[in-house]
Amino acid sequence: MSDSPSLGLSYDAIIIGAGISGLYQLHRLRGLGLSVLVLEAGSGVGGTWYWNRYPGARFDSESYSYGYSFSPELLADWNWSEHFAPQPETLRYLNHVADRFALRRDIRFHSRVTAAQYQPDGSWCVTLEDGTAYRGRILITAIGPLSAPTMPRIDGIADFQGEAFHTARWPHQPVGFEGKRVAVIGTGSTGIQTTQEVAKTAAQLTVFQRRPNWCVPLHNAPIGAAEMAAIKTRYPAIFERCRETFACFLHTPDPRSVFEVSAEEREAFFETLYAHRGFGLWQGNFRDVLTDRAANALLSEFVARKIRQRVRDPAVAELLIPKDHGFGTRRVPLETRYYEVYNQPNVTLVDISAAPIERITATGLCTASAAYDFDMIIYATGFDAITGSFDRIDIRGAGGQRLRDAWADGPQTFMGVQVAGFPNMFMLMGPHTALGNIPRSIEYNVDWVTDLLAHMRARGHTHADATPEAVASWTAHVKAVGAGLLSNEISSWFTGVNSNVDGKQTRIIARYSGSAPAYRAWCDDVAAGGYQEISLR
Ligand code: NA7
């Protein structure tokens with residue numbers, strides 16, 4: 001698929017984003033011999049791990065299940081220091097990948113894309129915020145499902161005279177908390193990791209919680225040299241396991257129903273999982289705890305008991321126990337002594353479910369019932385997830401059709417990879433793909449797109465556009481698979497809800513909620529069938 005000089009194209013392919021998916025896609029497209037430009041808003045590679053430098057940021061997938069699997073040499077030469085690596089280590093790893101595969105020479109940093117528009121000549125014109133434009137025949141969005149941070153919509157945010165940070169836009173310089181009165185707003189995975197860390201040194205920490213989440217212990221530990229050497233010998237088995245499991249984590253559900261065992265056995269199994277590192281209680285539990293309401297209630301009661309045991313003040317413990325959703329129906333944050341933080345004299349939990357924050361002031365904030373003074377406010381208020389990173393770019397397909405309009409009633413995709421009427425645009429980890437342990441899904445996604453491009457080149461095709469029928473049928477399938485699932489009945493980023501964004505108050509089925517193996521089987525079948533669902537010419 002070479003450039004046609006008459007079109008004046010600069011690149012065969014333009015990739016937006018130099019995170020985990022953009023880096024690997026660049027590597028694979030080079031392997032096809034394509035000329036590629038990666039446009040990256042940040043000053044370095046790493047995506048999520050470049051932006052989310054907040055205190056305490058770390059994996060909650062096992063490090064060795066999270067890294068790239070495509071290169072035996074890369075696997076051999078990288079050593080993880082902890083079972084769940086902290087953000088600086090992950091960022092070092094991604095920089096190492098960029099260096100090892102000499103990726104930087106095709107990446108333009110400080111390049112925020114504001115528009116991508118399909119041209120009548122069959123190319124894509126990609127424009128940066130400074131007006132610079134690039135052309136490519138293929139457009140690949142590697143912009144991440146959680147990359148558009150959102151601030152709360154509260155009056156007075158600009159009035160605050162102290163330090164203020166959103167966790168996903170954390171400064172590159174060190175930030176200290178010693179002697180400071182710090183507020184954290186938000187209790188998702190990010191707010192919980194931040195709270196654990198800030199509580200260690202802040203003079204006072206006040207956590208503003210609108211809704212609690214069900215959190216379970218991470219059980220992190222260092223990885224010594226001998227253990228890392230042993231992990232390296234197990235890499236094939238580790239990745240094989242990730243290929244088999246529902247969400248590409250190392251944890252496999254128990255085939256038994258919670259109701260097939262005695263109460264004692266059930267309790268003992270829950271205890272084992274609670275003591276085990278990682279997502280075991282969520283992803284490796286009885287087969288029905290995430291699908292059957294009564295089974296889920298038993299697990300929720302177990303975790304509620306744990307919270308009551310760990311938090312001394314019973315009133316605070318009750319505030320920390322979710323009452324509006326069952327365990328695992330929203331993303332489960334993994335924690336390290338998070339609940340014990342509330343036993344510290346320097347930490348206060350403020351429930352803002354009934355008395356919301358009404359205003360940020362010059363010196364702090366006011367809720368409906370009290371005023372507080374702070375030296376620092378940390379906004380751990382999350383992201384406009386899944387479609388938010390697309391909404392920030394003016395993406396227009398054939399005939400000037402806006403992607404935002406095409407998705408006005410929720411995303412419409414084919415396999416989460418293409419949208420009808422947006423020829424040669426391929427989404428990595430777009431809406432309707434299987435998420436879970438994301439790098440595993442990314443590698444599959446990138447390989448699938450690369451195989452399609454190789455298939456096209458072999459046949460002299462330069463144009464790929466999923467048919468409207470294929471999009472309608474995949475979108476209907478995603479909705480059917482997601483219907484009735486407990487996790488799709490709750491407002492969270494999983495269901496595309498963000499109270500801080502206009503038009504994102506209604507739950508949608510934004511993710512493919514079936515298993516990753518089922519998702520891959522669909523994609524494999526499409527490839528094996530010669531991509532009939534995609535109009536190729
Ligand atoms: P999340 O999980 O979306 O959490 C955001 C938190 O911020 C959550 O507790 C929200 O409460 C809270 N929030 C959002 N807006 C407000 C306002 N206006 N007032 C008060 N509280 C607010 O984002 P994270 O960054 O923690 O994690 C996202 C994912 O990144 C995570 O799941 C991992 O997969 C990686 P709410 O629950 O909406 O009531």
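In which loop does I386 lie? The model is predicted, so to speak of local features a pLDDT of at least 70 is needed, side-chain atom pairs count only at pLDDT 80 or more, and totals for chains, interfaces and linings use all residues. Residues are numbered from 1 along each chain as its sequence is written, and side-chain values use heavy atoms, with hydrogens and water left out.View 1.
The ligand has 19 residues around it, and T187, T190, R210, R330 and W493 come nearest. A residue is near a molecule or strand if one of its heavy atoms lies within 4 Å of it. The shell divides into 7 nonpolar, 8 polar and 4 charged residues. In this count Ala, Val, Leu, Ile, Met, Phe, Trp, Tyr, Cys and Pro are nonpolar, Asp, Glu, Lys and Arg are charged, and the others, Gly among them, are polar.

**View 1**
T190 places a polar side-chain atom 2.6 Å from an oxygen atom of the ligand. For W493, a polar side-chain atom lies 2.8 Å from a ligand oxygen atom. S189 takes part through its backbone: an N or O atom there is 3.1 Å from an oxygen atom of the ligand. Taken alone the ligand exposes 780 Å², of which the protein buries 84%. These areas come from the Shrake-Rupley method with a 1.4 Å probe; for residues, only the protein chains shown count as cover.

Helices (H or I, at least four residues) and strands (E, at least two) are DSSP runs, numbered from the N terminus. Two strands pair if DSSP finds at least two bridges between them. Here 5 strands form an open sheet in the order 7-16-8-9-12, and the pairing is parallel. Strand 7 (163-166) and strand 12 (347-351) stand at the edges, each with a single partner strand, so one side of each has no neighbour in the sheet. With direction ignored, neighbouring strands are turned by 15° against each other on average. Axes are lines fitted to C-alpha atoms, for helices over the stretch in contact, and angles run from 0 to 180 degrees between N-to-C directions.

Within this sheet, strand 8 (residues 181-185) and strand 9 pair in the parallel sense over 5 bridges. A183 has T206 of strand 9 as its bridge partner, and V184 has V207. Strand 9 also pairs with strand 12 in the parallel sense, over 5 bridges, where Q209 stands opposite D351 of strand 12. Buried means under 20% relative accessible area, exposed over 50%, and partly exposed in between (1.4 Å probe, protein chains only). In strand 9 (residues 204-209), 5 of the 6 residues are buried, so the strand is largely enclosed by the rest of the structure. Strand 8 has 4 of its 5 residues buried, so this strand too is largely enclosed by the rest of the structure.

Strands of a sheet pair through backbone hydrogen bonds, either parallel or antiparallel. In this open sheet, 3 strands follow the order 13-14-15 with antiparallel pairing. Strand 13 (357-360) and strand 15 (371-373) are the edges, each with a single partner strand, so one side of each is left without a neighbour in the sheet. The twist averages 20° from one strand to the next. Strand 14 (residues 364-367) is joined to strand 15 by 3 bridges, and C366 has A371 of strand 15 as its bridge partner.

**View 1. Two loop residues with positive phi.**
I386 lies in the loop between strand 16 (376-379) and helix 13 (388-391). The phi of I386 is positive, about 65°, although the residue is not a glycine. At 3% relative accessibility, I386 counts as buried. R337 is found in the loop between strand 11 (334-335) and helix 12 (338-341). Its phi is near 55°, a positive value in a residue other than glycine. At 57% relative accessibility, R337 counts as exposed.

**View 2. Two buried helix residues.**
S441 is found in helix 15 (residues 438-459) and is buried, with a relative accessible area of 11%. The S441 side chain reaches the backbone oxygen of A434 at 3.2 Å. L273 has its place in helix 8 (residues 263-274) and is buried, with a relative accessible area of 11%. L273 and E358 are 85 residues apart along the chain, and their C-alpha atoms are separated by 41 Å.

Terms used: Polar contact = N/O pair within 3.5 Å; in protein donor to acceptor, adjacent residues only side chain to side chain.
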